[in-house]
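Please work through each task before reading its solution.

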Amino acid sequence: MKSYAAAALLLASTAISHPIEKRADITDLDILQYALTLEHLENVFYKGGVSTMSQDMFVAAGFSAKYYTNLLYVVNDEQDHVQYLTDAIKSTGATPVAACEYNFPYKDPMSFVALASVLEGVGTSAYLGGAGLIQSKDYLGVAGSILVTESIHTSLQRFNLGEIAAANPYGTALGLNQVFTIAGAFIKSCPASNPTLPLKAFPGLTATQGNPTSQGIPFTFQAKGTVPASAFVTFVSGLNTTSVPVTMKGNMISAMIPNTIAGQSYAFITSSAIAAGMSVTDNMVLFGPAVIEVTPPSPMFDIKEQ
Ligand SMILES: *[C@@H]1O[C@H](CO)[C@@H](O)[C@H](O)[C@H]1NC(C)=O
């Protein structure tokens, strides 16, 4: 009996994806500081937006007055997250990281909301990826609580951009260095007094084609460096990981968007192919991630299935 149960468990575990690589070098305090680093970025981003663009400007750009009210609640939330994490870090006796100087490339309400949607999506992916690395069940509960709010923000921004809010049945987890590669691109400089965190950015990868795109469409990227012909474009979306061989067109990388990718997704150049559902480990990443937005296909469900 017992061995049957064990065999069943073993079988079941092979069907479970492994979204994030474990990192033995990361402490819970590191994760709190990492979370605060991201919350500072969001807090400064939103406060910059609402202090330089009025409700009238958002309405003139096609957003509703109700959207603007919701936006102010989002600003409130991000400020609260900064305060909560700052206090939590202080209570351990450590010095919380302070806000940095940022460079956010928006020029009007539309490009601001588009960037907000990307940042919220990355924030959600960061908490999801961080959750698997946290030791303390208490901190895990807090991370889950903030994750919920970040994903509500994500769907608010997506819906108001005209994107499908719930584009994927599953959330997408990103590892710490993967998130830092995206977030770090917006950071100009940080106070020298900030504690050094065990984070490193990978060489950059940018989408050189307009978003959103769709499954089955060729998409191009550009890497900040030479891409070996033997490399792969690895897409991560929900619990799916899909690697396709790179095709070079001049200095552009071209790859077909697989049918496993929907909503805000991430593309890496990896040194080898990664098996479906396995994590993109840091030692395999050559470039990226780049953020891509893939419109999901029509919803499909069987009304009789219970
Ligand atoms: C993986 O992709 C398929 C589409 O090929 C999709 O139906 C499914 O929901 C995805 N699964 C996960 C776990 O992300």
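**Exercise 1.** Which residue has a backbone N or O atom 3.0 Å from an oxygen atom of the ligand?

*Solution.* The model is predicted: local features need pLDDT of at least 70 and side-chain atom pairs pLDDT 80 or more, while totals for chains, interfaces and linings use all residues. Residues are numbered from 1 along each chain as its sequence is written, and side-chain values use heavy atoms, without hydrogens and water.

Step 1. The residue is Leu239, through a backbone N or O atom.
Step 2. A backbone N or O atom of Asn259 lies 3.3 Å from a ligand oxygen atom.
Step 3. Of the ligand's own 370 Å² of accessible area (Shrake-Rupley method, 1.4 Å probe), the protein covers 59%.
Step 4. The residues around the ligand (a heavy atom within 4 Å) include Pro169, Tyr170, Ser237 and Gly238. This shell comprises three nonpolar, five polar and no charged residues.

**Exercise 2.** Describe how β6 and β7 are connected.

*Solution.* Step 1. Strands β6 (residues 232-237) and β7 (residues 240-245) run antiparallel, joined by six bridges; pairing requires at least two DSSP bridges.
Step 1. Phe235 stands opposite Thr242 in β7.
Step 2. Two residues separate the strands of this hairpin, and Gly238 in the turn has a positive phi of about 60 degrees.

**Exercise 3.** How many residues of helix α7 are buried?

*Solution.* Step 1. Seven of the nine residues of α7 (residues 176-184) are buried, that is, under 20% relative accessible area with a 1.4 Å probe and protein chains only.
Step 1. Among them are Leu176, Val179 and Ile182.
Step 2. The buried residues pack against elements including α2 (28-52) and β11 (285-295), with contact meaning heavy atoms within 4.5 Å.

Note on methods: A polar contact is a pair of N or O atoms within 3.5 Å; within protein, one must be able to donate a hydrogen and the other to accept it, and residues adjacent in sequence count only if both atoms are side-chain atoms. Ala, Val, Leu, Ile, Met, Phe, Trp, Tyr, Cys and Pro count as nonpolar, Asp, Glu, Lys and Arg as charged, and the others, Gly among them, as polar. Helices (H or I, at least four residues) and strands (E, at least two) are DSSP runs, numbered from the N terminus. Buried means under 20% relative accessible area, exposed over 50%, partly exposed in between (1.4 Å probe, protein chains only).
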